[in-house]
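Here is a short briefing to read alongside the sequence and the 3D view.

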Amino acid sequence: MQSAQRTGGDMRQRLRRHIVLVGMMGAGKTVLGSELARRLHVPFTDTDTEIETAAAMTIAEIFARDGEAFFRDREAQVIARILRDTPRVISTGGGAWMQDRNRAAIRAAGLSVWLACDLETLWHRVRQRSTRPLLKTADPKGTLARLLAERDPTYALADLTFPARPGDSVDAAAARLLDAIHAADPQLANETP
């Protein structure tokens, strides 16, 4: 009965700490995160959107003008600020979890969830988008494969690994993810009337 209520999204939730989604670009962190927040009736924050709003520039423009190191510093500041706010579902940029300082801050304030995807799924999702500064190379799929190979061991340090299933709808994936989160940390949320 409780599981049906959770996945149905009828019960209000009071999170004790943040749910922070990490993983590669194209893993579905924003789409799945916003649906998860809707089901839990809690706020959703996308760190990339927060960075763009604060800078009044796109991430691609920040990378082009100021470089990746500058962007990573701003990203860490934004993540630290969001983690001080009311517990919510947070979607992070693909490189955020690679930074020791971000992992430490997220561990202290939330449950980290790695949305694990294979290369073909990621490539299918990102290949038509020109907004990915790290893929502006002569071989974007090769770059994506290299990033995936480099980052997977660090993503695996997340509290929970949630593997993508080909053919899952957003609804099905969100229901599965909510059940996995409750199984991993039954005390993360309290149901409230």
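A polar contact is a pair of N or O atoms within 3.5 Å; within protein, one must be able to donate a hydrogen and the other to accept it, and residues adjacent in sequence count only if both atoms are side-chain atoms. This is a predicted model, where local features need pLDDT of at least 70, side-chain atom pairs count only at pLDDT 80 or more, and totals for chains, interfaces and linings use all residues. Residues are numbered from 1 along each chain as its sequence is written, and side-chain values use heavy atoms, with hydrogens and water left out.

**Helix α7**

- Helices (H or I, at least four residues) and strands (E, at least two) are DSSP runs, numbered from the N terminus.
- At the start of α7, a side-chain oxygen of D118 comes to within 3.0 Å of the backbone nitrogen of E120.
- Helix α7 covers residues 119-126, and its buried residues (under 20% relative accessible area, with exposed over 50% and partly exposed in between; 1.4 Å probe, protein chains only) are T121, L122, W123 and V126.
- These buried residues of α7 pack against α8 (140-155).
- R125 also belongs to α7, and R125 counts as partly exposed because its relative accessibility is 38%.
- R125 has contacts (heavy atoms within 4.5 Å) with G26, A27, G28 and C117, not counting residues up to four places away in sequence.
- The C-alpha atoms of R125 and M25 are 8.8 Å apart, although 100 residues separate the two along the chain.

- Five of the five residues of β2 (residues 18-22) are buried.
- From β2, H18, V20 and V22 point one way, while I19 and L21 point the other way.
- Two strands pair if DSSP finds at least two bridges between them.
- β2 runs parallel to β5 (residues 110-116), with five bridges joining them, and V20 stands opposite S112 in β5.
- β2 also pairs with β4 (residues 89-91) in the parallel sense, over three bridges, and here I19 stands opposite V89.

**Rings and charges**

- Rings of Phe, Tyr and Trp (its six-membered ring) pair if their centres lie within 6.5 Å; planes under 30 degrees apart count as stacked, over 60 as edge-to-face and the rest as tilted.
- A search of the whole structure gives two aromatic pairs.
- F63 and F71 make a tilted pair, with 5.0 Å from centre to centre and 45 degrees between the planes, and both F63 and F71 are buried.
- A charge sits over a ring if NZ of Lys or CZ of Arg is within 6 Å of the ring centre and within 35 degrees of the ring normal.
- The charged end of R74 sits over the ring of F70, 4.4 Å from its centre.
- E75, in helix α5 (residues 68-83), counts as buried because its relative accessibility is 0%.
- The side chains of E75 and R72 are joined by a polar contact of 3.0 Å.

**The chain and its confidence**

- The protein chain has nine helices and seven strands, and 46% of its 193 residues count as buried.
- pLDDT is the predictor's confidence in each residue, from 0 to 100.
- Mean pLDDT for the protein chain is 86, and 87% of its residues reach 70 or more.
- Over residues 1-11, pLDDT stays under 50.
- Where pLDDT is low, the predicted coordinates should not be read in detail.
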